[in-house]
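This briefing collects computed features of one protein model, grouped by topic. Please read it alongside the sequence and the coordinates.

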Amino acid sequence: MTLAVPLLADEASRTSRPASLPHALAEPEAFGQELQALRLELESSLGEEDLAHARKIERWGRACSVLGYATAWLLPNPVSALLIAQGNTARWTMMAHHVTHRGYDKVPGIPAHYTGKRFATGWRRFLDWPDWIHPQAWRHEHNVLHHGHTGETADPDLVEMNTEWLRQSRMPLFAKYALVAFFACTWKLTYYAPNTFLEWRRFERKRAGGPDEAGTLPLITAFNPFSKEGRAFWWTCILPYAGLRFALLPALFAPLGPWAVFSVFANSVFAEVLANIQSFILIAPNHAGDDLYRFEGRSRSGAEFSVRQVVGSANYTTGGDVVDFLHGWLNYQIEHHLWPSLPMTRYRQAQPRVKALCEKHGVPYVQENVFRRVKRLVDIMVGRTSMRTWPAPTRP
């Protein structure tokens, strides 16, 4: 069995990948078997150090939040806002992302609130992961749909498909860039929260035998307080988080005076914008770029599915805990998509070995500075470049 990794000559000239890179995967089963062996090896050694590391990263994120609010009452300032934003991002991209994927479920002696089933449920939502995004909605839209259909038309997070209206628009290029900047500053509220919520509602309706319209509705529907979906979205997502972040937390500083309350409120708003920009930079480019693939139809085998996770994802610069923390631990996206249910530290261990396996089997492995990936992302969004398609059209 031969599985080709399609790459046309004119496509190769438009990417940073070496032209001499092998373009065919002659033994996909062997590639899949070696990946499986590596996964079993990584899982066999899970232990207390994985939980200890997760707790350390959680402390780092909470420390950022504490320091941010401890200084936010003094005056509106970028340092406090940035610290609050970093704490916000850490709870999403590192803790919620990996824990809800059941990344720590197999660690011996794991506390219940670090398991995928219990994390951020009930009242712990406001302790573990307070955000616009509802944790259950995230579990379904991201863990099930995105990871199960990465890069396919069924992937709700396929950037090229979601921005087709912008790509095809005749508006001036500067206006397109302005829209991208707006979405980057607001995308947790304007995209992720309503998208995950509507997909979750659609799933719940189907499971209950009801109508299947929720997930096909435009995102703006979620913001209409006069519709059933809109009211549910406001009560489930918008009001709880807005009440906590922009009302309750600033009110706690009332004993220090009106200026303190205003300063905390202003820094909270500024931090929200920064958290949006930061998470946009870290998350959105992971599966977008003219050197990555999108796919038509489902994988024909487990081996092809593994190849798709590699050629449809991009890594950023990798390193120690500080580098990885600043990247939201999303700099190991290839390894994460191969094995979503591993603890954070295991991706760092796996990365050089996965890269070596890809080189051995001729599977393109994309790794690039995060800001270069943002440039590729924006080019896709505004229509200057396009994703590669799998399978690529053949020339006569």
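Does Asp324 count as buried or exposed? Asp324 counts as buried, at 0% relative accessibility, where buried means under 20% relative accessible area, exposed over 50%, and partly exposed in between, with a 1.4 Å probe and protein chains only. The model is a predicted one, in which local features need pLDDT of at least 70 and side-chain atom pairs count only at pLDDT 80 or more, whereas totals for chains, interfaces and linings use all residues. Residues are numbered from 1 along each chain as its sequence is written, and side-chain values use heavy atoms, with hydrogens and water left out.

**Overall make-up**

- The protein has 16 helices and four strands, which are DSSP runs numbered from the N terminus (helices: H or I, at least four residues; strands: E, at least two).
- Of its 396 residues, 56% count as buried.
- The accessible surface of the protein comes to about 17,000 Å², with 65% of that belonging to carbon and sulfur atoms; accessible areas come from the Shrake-Rupley method with a 1.4 Å probe, and for residues only the protein chains shown count as cover.
- Where contact means heavy atoms within 4.5 Å, 70% of the contacts between residues at least 6 apart in sequence join residues at least 24 apart.

**Salt bridges**

- A search of the whole structure finds 29 salt bridges, each being a side-chain nitrogen of Lys or Arg within 4 Å of a carboxyl oxygen of Asp or Glu.
- The side chains of Asp324 and Arg348 meet in one of these, at 2.9 Å from N to O. This pair links distant parts of the chain, since Asp324 belongs to helix α13 (residues 321-326) and Arg348, 24 residues apart from it, to helix α15 (residues 344-361). Arg348 is partly exposed, with a relative accessible area of 27%.
- Arg39 forms a salt bridge with Glu43, the closest N and O atoms being 3.0 Å apart. The two are separated by about one helical turn because they are four residues apart in helix α2 (residues 28-44). Arg39 counts as partly exposed at 23% relative accessibility, while Glu43 counts as buried at 17%.
- Arg373 pairs with Glu368 in a salt bridge whose closest N and O atoms are 2.9 Å apart; Arg373 is buried with a relative accessible area of 0%, and Glu368 is buried with 13%.

**Nonpolar cores and surface patch**

- In soluble globular proteins, nonpolar side chains tend to be buried together.
- A nonpolar core is a set of buried Ala, Val, Leu, Ile, Met, Phe, Trp, Tyr and Cys residues joined through side-chain atoms within 4.5 Å. The largest nonpolar core has 77 residues, of which Trp339 and Val354 touch the most other members. Helix α9 (residues 173-207) gives the largest share of this core, nine residues. Apart from it lies another core of 13 residues, among them Ala72, Phe253, Ala260 and Ala271.
- Not counting residues up to four places away in sequence, Trp339 touches Leu35, Leu38, Arg39, Leu42, Tyr347, Ala350 and Val354.
- Trp73, Leu74, Leu75, Leu256, Trp259, Phe262, Phe265 and Val269 make a nonpolar surface patch of about 750 Å². Patches consist of residues with over 30% relative accessible area and no salt bridge, like charges being joined within 9 Å and nonpolar side chains (Val, Leu, Ile, Met, Phe, Trp, Tyr) within 5 Å. Trp73 lies in the loop between α3 (48-72) and α4 (78-100) and is partly exposed, with a relative accessible area of 31%.

**Buried loop residues**

- Asp290, in the loop between α11 (258-283) and β3 (293-295), is buried with a relative accessible area of 7%. A polar contact of 2.5 Å joins its side chain to that of Arg376; such a contact is a pair of N or O atoms within 3.5 Å, where within protein one must be able to donate a hydrogen and the other to accept it, and residues adjacent in sequence count only if both atoms are side-chain atoms.
- Gly289 lies in the loop between α11 and β3 and is buried, with a relative accessible area of 0%. Leaving out residues up to four places away in sequence, Gly289 touches Arg373, Arg376, Ile380 and Met387.
- Thr150, in the loop between α6 (135-148) and α7 (159-162), counts as buried at 3% relative accessibility. A polar atom of the Thr150 side chain lies 2.8 Å from the backbone oxygen of His146.
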